[in-house]
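Work through these exercises with the coordinates open. Each task is followed by a stepwise solution.

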Amino acid sequence: MRAVSPGSPLVRLVAIVSGSLGVLLAVLTPLLPVRQERASLDWPQPQAVRVAAPLLGSAPLSLDLSIPCSTLRDLPTGTVLSTVPTTESADRALLVRIEHRVEIGRTLTVSLREFPLLTAAVTQIAGAETGFDSAPKSACDALVVHSSAARTTAELSGLQRPDGTPFRTVRAGDLRPRFAGLFTDFDRAQLAGARVRAELDTRFSSSPSGWKIAAIAGAITATFAALICLRLLDRADGRRDRRLVPAGAWRVRASDGVVGGILLLWLVIGASTAEDDGIATMLRARPDVGYLADSSGVAAAPFGWPYEMLSRLTVLGGSSLWWRLPAVLAGLLCWWVLSREMLPRLGSRIRTDAAAPWIAALAFLAIWLPFGSGLGAAALIAGAAVLTWCSMERAIATRRLLPAAFALLIAAFASAAAPGGWICLVVLVAGSRRILRSSTEAAARTRLPTGRSVTNVLARAIPLLAAGTVVLVVVFADQTFAAVREAIRVRWSAGPDRGWFGGVERWAALFDMAQENWLARLFGVLVLSVCVAAALRNRGPSARTTRGPVARLAVAVGAALVLMTILPIEWSPDFAVYAGLAAAVAVVAWEDRAGKPLGNGPLRRRFPVAAPAIAAVVLLQVVSLAASTRYPAAWSSLRNRCALADSVLVETDTADSLLQPFIGSGLAAENVGFTPNGVGDLPAENGGGTGALPFRLDPARTPVLGSHTGGTQPAHLISQWYRLDMTAAQQDPAYRVLVLTVAGRVDGERLRVEFADRAGDGTIRWLSELVPPAAAGSPAWRNLPVALDRIPAEANAVRVIATVAEPSGAQWVALVPPRLPRLTTLQSLVGSDDPVHTDAGFAFPCQRPSGHRHGVAELPVWWITNEPDGAPPGWAAPLTRAHTLPAYLAHDWTRNWGHLRLLTPSTEAQTATIQVAVETVWGATGYGTR
């Protein structure tokens, strides 16, 4: 059998057909059908008449309610139906009630979001004549309510108003009620015939149909075949293939060791970003939710494929090291391509100069370290940008199109990773003109007949198009075009929407000295900006650089900076995408315009000034974080498998840990100006307490005194001596701290703790005193822990002395008796099975995030948050109450690590049963858009 010539008509035909098929299938993938879950809640349900179903999106897609008028006529006063518990605020809820009004007696009221929809006397519904209205002209059938995004209607069907119009109220616009379930004051028999149906939001709960799976497989296969044909067509020029990897690329250099070592160290000590906690929670919830969703349940598409890949690492364990590893590997790849492929293309002198890799390494680390250590896609995009540039330059140098196809492929996937990936498109545009000109010149030289010339062009152009569109099968693998469009709309409407001009704020934020690590961030971006400006200014001929690649690099980076400024993307972490490109630009900027090697002549005037400054900043970043425990997530995962959950110690017996006085039961031995009500205007539930006390302390057993009395005379309090068995405490590792619970504004002049040895006959031998440590949260209730190793071992008595020299609204103290609580780790208390809502998922890898399914959120048992106070999450607030448990960071007792709250049910209700049906939905129409 005769071998097929690389440039034969058969190869061109296969390239056109396979490439066209790949493009067609890739473009059709978003429009092909998926298996869409449609969920609904039907009421009443057999398990209970009161059912809980907290919707993640707050409101259902639609709500239909029907209650027979015969049922309403017989009901006493009370709540007939409500979409939030009747013990909670009716704000934004649908509320149907029977009320007693003096002028008309029992009255049916229907309100939505505290807006009255319908009001009618029960006698009017029953058909009797009333004193304020004429008798109805027809019998009342049922109360019918329908609420959707378009309108809300409430009607007493069959009943007419005096003017003959239907007894109906219609309100246009989206007034759908807040929905946490269905709640009533009546039993099942009293509500005979009542029906409710709520359509739930499952816009993004879908899986690919068989047709879609076949199209995805076909698009990938056809694109692969088209690229093989493109390679064969490239080889038809008769020239020898160039090496895929440059000679000597695998030889390890000193600069490789520095960059690689620092990146591996950064894997452990690197700072996390603001978005890491949300990403970590999203990754761990992925198996339960069924798709990659943010905290509001919106699909991550179209920028979700990197996180889909990252979520696969959860099978290796919850350690944050696994999740940070891909970013470090992307950094190592970026550096390897930069040093082996990119720098040599910038000029022969740069290729042979020993100083060039060191300048590139310093510039690379100066930008990478402050910006590139998070879980976001910026690290991946930094490597993609370098690969795109190198592929385009190889296509230009070899006059072959397969490298350009790979550049298109890489840029497409980078653009689908995050909006920051669009800089790869700028790199493509910067090199496309030269490739297009080379292709045009090659076509002119062949002088083929018109038909063959068109075929020749199509055989090369269509595979390129296929390489750029195959990313669609990944973006829309389990979502439709309509669903992704809806996800984009929801995010855009949620904001923040700063407009195109808001990008200037990203640069201004770098000068905010209140931000952590602000100097390193500012310095890295300044290095980038100065180098780009210098490279753009020096784009002319140089003995040391190659004009074409340098010009395309400088223009691409400069244009990307402008583009990134006006794009609606995240803030400072996106500067990491420039790490590789900026390192190359730095080498160009420091080139010797006189044509001398970097190691000679003018370098002595610039290299010792600029490069050591960058090196100093890089070293400062590494040393400062190596010596710091402010970012404990990755580092603590090496020491403790469950990271912070193994380091945070929680009180298990707050109410029972109060020390008892030797004599009596009161708090004060001497008291001037302190009263039980002297706690100011602190909220009753501050800290999740009972009555006016926090931390689940029992008011019946906990005396409290405070100096917030409105008086102006000095206040002084000496508590009784309390029993403190230090001998027993030191033998039990569960006892670690003595705790003072205080409120007001406290300092060393106002609060002291004294320790003594009390003999059996009551004789006191004073031992020592100390000032309790300060804690954040003034003036609210807070805990001041005193480590037991600060207390004399022979002490068996303790008392508290509080003094307020000038009482006022701003200067006061309140306290309760000291406590000696038993402590256990957060991991032991919370475990890995209870659902947890957390704002810090990156630091708690062993906790199971509360998920959601079919639009209904799972109620969490625990809440780990950075906020000192506040209500539970919006969807959980109507059904739970939060109780703060005192918790401390081991060996750093006053450090503000966060807060642990126990969420308990606020109402009695059973979990609702959700009906789920699976339907086939085409991609253009979608389902359940809001």
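**Exercise 1. Find the bridge partner of Thr884 in β33.**

Step 1. Thr884 has Arg901 as its bridge partner in β33.
Step 2. Pairing requires at least two DSSP bridges between two strands. Strands are DSSP runs of E with at least two residues, helices are runs of H or I with at least four, and both are numbered from the N terminus.
Step 3. Widen the view to the open sheet: five strands, order β27-β26-β30-β33-β31, mixed pairing. Its edge strands, β27 (848–849) and β31 (880–885), each pair on one side only.

The model is predicted: local features need pLDDT of at least 70, side-chain atom pairs count only at pLDDT 80 or more, and totals for chains, interfaces and linings use all residues. Residues are numbered from 1 along each chain as its sequence is written, and side-chain values use heavy atoms, without hydrogens and water.

**Exercise 2. Describe how α4 packs against α12.**

Step 1. Take the geometry: α4 (residues 210–234) and α12 (residues 402–415) pack at about 150 degrees, axes 9 Å apart. Axes are lines fitted to C-alpha atoms over the stretch in contact, and angles run from 0 to 180 degrees between N-to-C directions.
Step 2. Classify: the two helices are therefore roughly antiparallel (over 145 degrees).
Step 3. List the contact (heavy atoms within 4.5 Å): Leu227, Leu230, Arg231 and Asp234 of α4 meet Leu402, Pro403 and Ala405 of α12.

Definitions and conventions. Parallel < 35°, antiparallel > 145°, perpendicular 65-115°, else oblique.
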